[in-house]
Amino acid sequence: MSNIYHVMYEKKCFSTGITGQDGTFLTKQLLETDSFNIIGTSRVKNHDEFYKRLQYLKLSSEKLINLKITTGDLLDQKNKIESEIKNIKFDYVYNLMGPGSVYESVIEPFNSSYTIVSSFNNLLNAFLKTKQYPIFFQTSSSEMFGSVNQKPLEENSLFNPVSPYANSKYYIHKMLSFYRVRYDWNLSSGILFNHESEFRPDGYLIMKIINAAINIKNKKQELLEVGSLDLKRDWGYAKDYTLAMQMILEKKPGEDFVIGSGETTSIKEIVDYVFSYFQLDYKEFVTVNTKLLRTGEPNEIVSNPIKINEEVGWKATTKLDEIIEKCISYKINIKD
């Protein structure tokens with residue numbers, strides 16, 4: 001039996017931020033390949049919600065034997081996480097951790113930047129200490145483009161980060177290029193455009209709109225306030241995007257890829273769709289407060305995913321109306 005186990009589960013994967021939205025989908029994908037042992041890290045001490053999500057996604061409980069989650073903070077190198085790295089030779093690493101909210105970084109710029117950058121440096125240094133160079137994926141962000149007016153945005157577009165979060169991601173993006181050359185290391189960067197799912201926290205825009213519509217329908221809220229109805233963004237489904245991460249490491253490791261849908265939708269269209277779903281006229285309940293907008297917010301952001309389409313064979317397949325309905329269904333079920 002031990003020999004069979006060794007053959008079936010020979011690949012070892014290390015994933016930070018495993019209990020988040022992207023980590024949930026990626027974990028299910030990797031465990032269902034029947035070839036991975038996964039060690040994940042999370043700053044969250046209680047992982048019950050994460051396991052409920054996997055159950056919601058219908059991951060067989062038998063697969064969980066190949067998953068281990070370590071609670072720890074990458075800001076501290078002298079912890080259980082570094083011990084895991086020293087004792088196990090990993091084949092793949094997915095660095096998904098870090099504050100995911102631009103707003104959060106604006107409120108606490110130093111803490112946010114320090115967490116993102118120092119955690120990355122500590123993770124890379126831990127592997128360098130043991131002379132390990134696993135195939136590595138780093139979640140970069142379309143926020144790095146900032147107020148660049150070029151459309152669509154691709155791997156060679158100019159970067160102009162305008163928030164602490166974006167600046168931190170840009171620093172890491174540039175350091176990946178350095179480490180890639182210096183150590184001949186397969187370090188990949190996925191420049192992720194907006195991607196949502198039923199597991200997004202309530203503070204994010206689409207969930208904020210859905211929660212407001214549900215509350216207004218149930219007479220628990222009177223109005224929804226947004227910064228603009230006219231801004232257009234490139235939205236995709238997190239499950240599609242984590243599949244892109246996996247495919248990049250399997251087919252074209254060591255390169256940078258824009259990961260997006262290549263399509264834009266206005267906030268107005270999303271608000272109208274969500275409120276119509278609940279048989280509400282958004283014009284009666286939605287107000288615009290431009291003070292909620294960040295400085296330098298571009299009117300439109302859209303990706304050009306032609307490189308990943310052609311070289312990796314990946315394309316976003318889940319349309320935005322499907323994503324919204326998945327989010328609504330999940331919210332209604334957990335509220336019941």
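Lys 131 sits in the loop between α6 (109–129) and β5 (135–141), where helices (H or I, at least four residues) and strands (E, at least two) are DSSP runs numbered from the N terminus. The structure is a predicted model, in which local features need pLDDT of at least 70 and side-chain atom pairs count only at pLDDT 80 or more, while totals for chains, interfaces and linings use all residues. Residues are numbered from 1 along each chain as its sequence is written, and side-chain values use heavy atoms, with hydrogens and water left out.

Most residues other than glycine have a negative phi. Lys 131 is not a glycine, yet its phi is positive, at about 55 degrees. With a relative accessibility of 65%, Lys 131 counts as exposed; the terms used here are buried for under 20% relative accessible area, exposed for over 50%, and partly exposed in between (1.4 Å probe, protein chains only). Lys 219 also has a positive phi, near 65 degrees, and is a residue other than glycine. Its place is the loop between α8 and β8 (224–226), and Lys 219 is exposed because its relative accessible area is 75%.

Helix α2 (residues 21–31) gives another picture: 11 of its 11 residues are buried, so this helix is largely enclosed by the rest of the structure. Among these buried residues are Phe 25, Leu 26, Leu 30 and Leu 31, but also Asp 22 and Lys 28. In helix α3 (residues 48–56) lies Lys 52, which counts as exposed at 52% relative accessibility.

Charged side chains come next. A salt bridge is a side-chain nitrogen of Lys or Arg within 4 Å of a carboxyl oxygen of Asp or Glu, and by this rule there are nine salt bridges. In one of them, Glu 196 meets Arg 200 at 3.0 Å, N to O. Glu 196 is buried, at 6% relative accessibility, and Arg 200 is buried with a relative accessible area of 16%.

Another salt bridge joins Asp 202 and Lys 331, with their closest N and O atoms 2.5 Å apart. This pair links distant parts of the chain, 129 residues apart: Asp 202 belongs to the loop between β7 (195–196) and α8 (205–217), and Lys 331 to helix α12 (residues 320–335). Asp 202 is partly exposed, with a relative accessible area of 42%, whereas Lys 331 counts as buried at 8%.

A further bridge, at 3.2 Å from N to O, brings together the side chains of Glu 255 and Lys 307. Glu 255 is in the loop between α9 (238–251) and β11 (256–259) and Lys 307 is in helix α11 (residues 306–311), so the pair ties together parts 52 residues apart in sequence. Glu 255 is partly exposed, with a relative accessible area of 23%. Through shared partners, salt bridges join Lys 252, Glu 255, Lys 307 and Glu 311 into one network.

Rings of Phe, Tyr and Trp (its six-membered ring) pair if their centres lie within 6.5 Å; planes under 30 degrees apart count as stacked, over 60 as edge-to-face and the rest as tilted. The count by this rule is 21 aromatic pairs. For Phe 178 and Tyr 179, the ring centres are 5.5 Å apart and the planes stand at 65 degrees, so the pair is edge-to-face. Phe 178 is partly exposed at 45% relative accessibility, while Tyr 179 is buried, with a relative accessible area of 9%. The rings of Tyr 277 and Phe 278 have centres 5.2 Å apart and planes at 70 degrees, so this pair is edge-to-face. Here Tyr 277 is partly exposed at 41% relative accessibility, and Phe 278 is buried, with a relative accessible area of 11%. Ring pairs also link Tyr 133, Phe 136, Phe 178, Tyr 179, Tyr 183 and Trp 185 into a cluster.
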